[in-house]
Amino acid sequence: MLKGSKVGLRARHEDDIPVLRAELYDDVVNSARSEGRPWRPMTPGSEDSRLVVDDREQGHVPFSVVELDGGTLVGTAVLSNIDNHNRSAHIGLGLLPASRGKGYGTDVVAVLCHYGFVVRGLQRLQIETLSDNAAMLRSAERNGFVREGVLRSSAWVMGEFLDEVLLGLLVRDWKPDAKG
Ligand SMILES: CC(C)(COP(=O)(O)OP(=O)(O)OC[C@H]1O[C@@H](n2cnc3c(N)ncnc32)[C@H](O)[C@@H]1OP(=O)(O)O)[C@@H](O)C(=O)NCCC(=O)NCCS
């Protein structure tokens, strides 16, 4: 398990799946805001790639996020689009509603940076998020990500086009313990 100061990132367990489905993916608005594709219901027992991990997929590393204190499941995190030529990847995360606003998101981003830069030897990490997602923007910026641009009207979300912000962090600018 990869450990931050409050949360750990571990493998997806079978009994995480119903909790994540009910609390994260069955929330139509949250899914529409996070996924970049239309919400559709997820059948119990289906092999949906958002929940069920395929270890053969080398470029996509999903984690379940747990509290270090007690091991309770609090969300998901992923390093995706891993490009070993350009040594870059994207990061993503989603916390269960009751676990938001407690500093976990900032900690998850820190652990994903450690995984990307130290474990995987990458040199660039990237995040795209809706421009009104203050908690995600702040979680990224506290870890040193900088805003590199705005993708105007790039996301169709529940009846309207919204802007996305593109943020990037280079390993040379990464300060592992700084949460500015
Ligand atoms: C986005 C998300 C991962 C952030 O994680 P979090 O644990 O809620 O965020 P944190 O508690 O670490 O807060 C980070 C910062 O944002 C601020 N913040 C938290 N919630 C906020 C909100 N609703 N509005 C404005 N600021 C907020 C915090 O005060 C903190 O700022 P600080 O460091 O200056 O104190 C989480 O809220 C979430 O899973 N949301 C739903 C899914 C989602 O949006 N995923 C990202 C898709 S790209």
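The structure is a predicted model, in which local features need pLDDT of at least 70 and side-chain atom pairs count only at pLDDT 80 or more, while totals for chains, interfaces and linings use all residues. Residues are numbered from 1 along each chain as its sequence is written.

Helices (H or I, at least four residues) and strands (E, at least two) are DSSP runs, numbered from the N terminus. Eight strands form an open sheet of mixed pairing, in the order β1-β2-β3-β4-β5-β6-β8-β7. At its edges are β1 (2-3) and β7, each of which pairs on one side only. Two strands are taken to pair if DSSP finds at least two bridges between them. As a reminder, strands of a sheet pair through backbone hydrogen bonds, either parallel or antiparallel.

Several of these pairings can be followed residue by residue. β4 and β5 run antiparallel and are joined by seven bridges; here Asp 83 has Ser 88 in β5 as its bridge partner. β5 and β6, in turn, run parallel and are joined by three bridges, with Gln 126 in β6 as the bridge partner of His 90. On to β8 (residues 160-170), which runs antiparallel to β6 and is joined to it by seven bridges; Glu 128 has Leu 166 in β8 as its bridge partner. Strand β6 (residues 124-130) has two faces: Leu 125, Ile 127 and Thr 129 make up the covered one, and Arg 124, Gln 126, Glu 128 and Leu 130 the uncovered one.

Together, β5, α3 and β6 make a right-handed β-α-β unit; right-handed here says that, with the strands pointing away from the viewer, the path from the first strand over the helix to the second runs clockwise. Helix α3 lies across β1, β2 (7-10), β3 (61-67), β4, β5, β6 and β8, and runs at about 155 degrees to β5. Such angles run from 0 to 180 degrees between N-to-C directions, the axes being lines fitted to C-alpha atoms, for helices over the stretch in contact. Two residues are in contact if their C-beta atoms, placed from the backbone, lie within 7 Å.

Turning to the ligand, 21 residues lie around it, and Arg 100, Gly 105, Ala 134, Ala 135 and Arg 138 come nearest. A residue is near a molecule if its C-beta atom, placed from the backbone, lies within 6 Å of it. Two or more residues of the shell are given by each of α2 (28-35), β5 (88-95), α3 (104-119) and α4 (134-142), and α4 gives the largest share, six residues. By type, the shell divides into six nonpolar, 11 polar and four charged residues. Ala, Val, Leu, Ile, Met, Phe, Trp, Tyr, Cys and Pro count as nonpolar, Asp, Glu, Lys and Arg as charged, and the others, Gly among them, as polar.

Arg 138 sits in helix α4 and counts as partly exposed because it has 13 C-beta neighbours inside 10 Å. On this scale a residue is buried with 20 or more other C-beta atoms within 10 Å of its own, exposed with 12 or fewer, and partly exposed in between, with C-beta atoms placed from the backbone.

Finally, two loop residues deserve a glance. Arg 87, in the loop between β4 (73-83) and β5, has a positive phi of about 55 degrees although it is not a glycine. Met 158, in the loop between β7 (146-157) and β8, has a positive phi of about 50 degrees and is not a glycine either. Met 158 counts as exposed because it has 10 C-beta neighbours inside 10 Å.
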